[in-house]
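Have a look at the structure first, then read on.

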Amino acid sequence: MPSIRDILNLGPVMPVIVIDDSANAVPLARALLEGGIKTIEITLRTPAALDSIRAVADACPDITVGAGTVTRADLAAAARDAGAAFAVSPGATPAVIKGCAVAGLPLLPGASSASEMMALHDQGFDCVKFFPANAAGGTAFIKALASPLPDISVCPTGGITEATAPKWLALANVPCVGGSWVAPRDAIAEARFEAIASRARTAAAL
Ligand code: 3PG
């Protein structure tokens, strides 16, 4: 199983997906792959999420699919059983960390302060999701952490766009950013896969 660092190194942008109909999952993944995206986070915010992860994991071996919004321990096992290769959480509770460890699922835990990142590093995490990226301090905040916390890599998500992603990616401690702009919920629901592939191409080339 690839590590979180391996996954964050797959490309500059990890699309964050909110999907309402699992029938759209494989066409979505194929559109993203066509654009050069190699990893996606399907958030467990809709009833269709686990079936969508399962469909992508079964049909699209070239894309690494993770489960996002893993906010409870039981979701870790459910995500793993659906075929997720990793989990992402907006924050990091002991229960979620333990649930992912027990499920054998690599976790990208959320953090939004130096203390949270240090506590996670003490527990063996060297990559965190910085969420909500804009609201919690933006690029200036993460730039300021690179010097005191050089061993921690950050995947910011929350409010990032095609226009602002390059500013984040220019930071030494940001291997990749996450965001829903590549495949917005309404574009998926309306099956606008060509438009998604086009956005994916731009994102993968950032
Ligand atoms: C997330 O779950 O990481 C965010 O909801 C993604 O944020 P965005 O929709 O602002 O890109």
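A word on terms: strands (E, at least two residues) and helices (H or I, at least four) are DSSP runs, numbered from the N terminus, and two strands pair if DSSP finds at least two bridges between them.

This is a predicted model, so local features need pLDDT of at least 70 and side-chain atom pairs count only at pLDDT 80 or more, while totals for chains, interfaces and linings use all residues. Residues are numbered from 1 along each chain as its sequence is written, and side-chain values use heavy atoms, with hydrogens and water left out.

S6 and S7 belong to an open sheet of 3 strands in the order S6-S7-S8, with parallel pairing. Its edge strands are S6 (110-111) and S8 (153-156), each pairing on one side only.

The other sheet to look at is open too, with 6 strands in the order S5-S4-S3-S2-S1-S9 and parallel pairing. Strand S5 (107-108) and strand S9 (177-179) are at its edges with a single partner strand each, so one side of each has no neighbour in the sheet. S9 pairs with S1 in the parallel sense over 3 bridges, and Met14 has Gly178 in S9 as its bridge partner.

**Around S3**

How many of the 5 residues of strand S3 (residues 64-68) are buried? It is 5 of the 5, so S3 is largely enclosed by the rest of the structure. Buried here means under 20% relative accessible area, exposed means over 50%, and partly exposed is in between (1.4 Å probe, protein chains only). In a regular strand the side chains alternate between the two faces of the sheet. Both faces of S3 are covered, with Thr64, Gly66 and Gly68 buried on one side and Val65 and Ala67 buried on the other.

S3 runs parallel to S2, with 5 bridges between them, and Ile40 stands opposite Val65. S2, H3 and S3 form a right-handed β-α-β unit; right-handed means that, with the strands pointing away from the viewer, the path from the first strand over the helix to the second runs clockwise. On to S4 (residues 86-88): 2 bridges join this strand to S3, again in parallel, and Gly66 faces Phe86 there. The chain gets from S3 to S4 through helix H4 (residues 73-82), and this β-α-β crossover is right-handed.

**H2 and what follows**

Helix H2 (residues 25-34) has Ala25, Val26, Leu28, Ala29, Ala31 and Leu32 as its buried residues. Their cover includes strand S1 (13-17), strand S2 (39-43), helix H3 (49-59), helix H9 (185-189) and helix H10 (193-204), where contact means heavy atoms within 4.5 Å.

Gly36 lies in the loop between H2 and S2. At 32% relative accessibility, Gly36 counts as partly exposed. C-alpha to C-alpha, Gly36 is 5.6 Å from Ala204 in space, although the two are 168 residues apart in sequence.

Most residues other than glycine have a negative phi, and most peptide bonds are trans.

| Residue | Phi |
|---|---|
| Gly36 | about 105° |
| Thr69 | about 60° |
| Ala191 | about 55° |

Thr69 sits in the loop between S3 and H4 and is buried, at 16% relative accessible area. Ala191, in the loop between H9 and H10, is partly exposed at 40%. There is also a cis peptide bond between Phe131 and Pro132, with omega about -5°; Pro132 is in the loop between S7 and helix H7 (138-145).

**The ligand**

Which residues surround the ligand? They are Val16, Arg45, Lys129, Phe131, Thr157, Gly158, Gly159, Gly179 and Ser180, each with a heavy atom within 4 Å of the ligand. Polar contacts are pairs of N or O atoms within 3.5 Å; within protein, one must be able to donate a hydrogen and the other to accept it, and residues adjacent in sequence count only if both atoms are side-chain atoms. An N or O atom in the side chain of Arg45 is 2.3 Å from a ligand oxygen atom. Polar side-chain atoms of Thr157 and Ser180 also lie by ligand oxygen atoms, at 2.7 Å for Thr157 and 2.6 Å for Ser180. Taken alone, the ligand exposes 310 Å², and the protein buries 79% of that (Shrake-Rupley method, 1.4 Å probe; for residues, only the protein chains shown count as cover).
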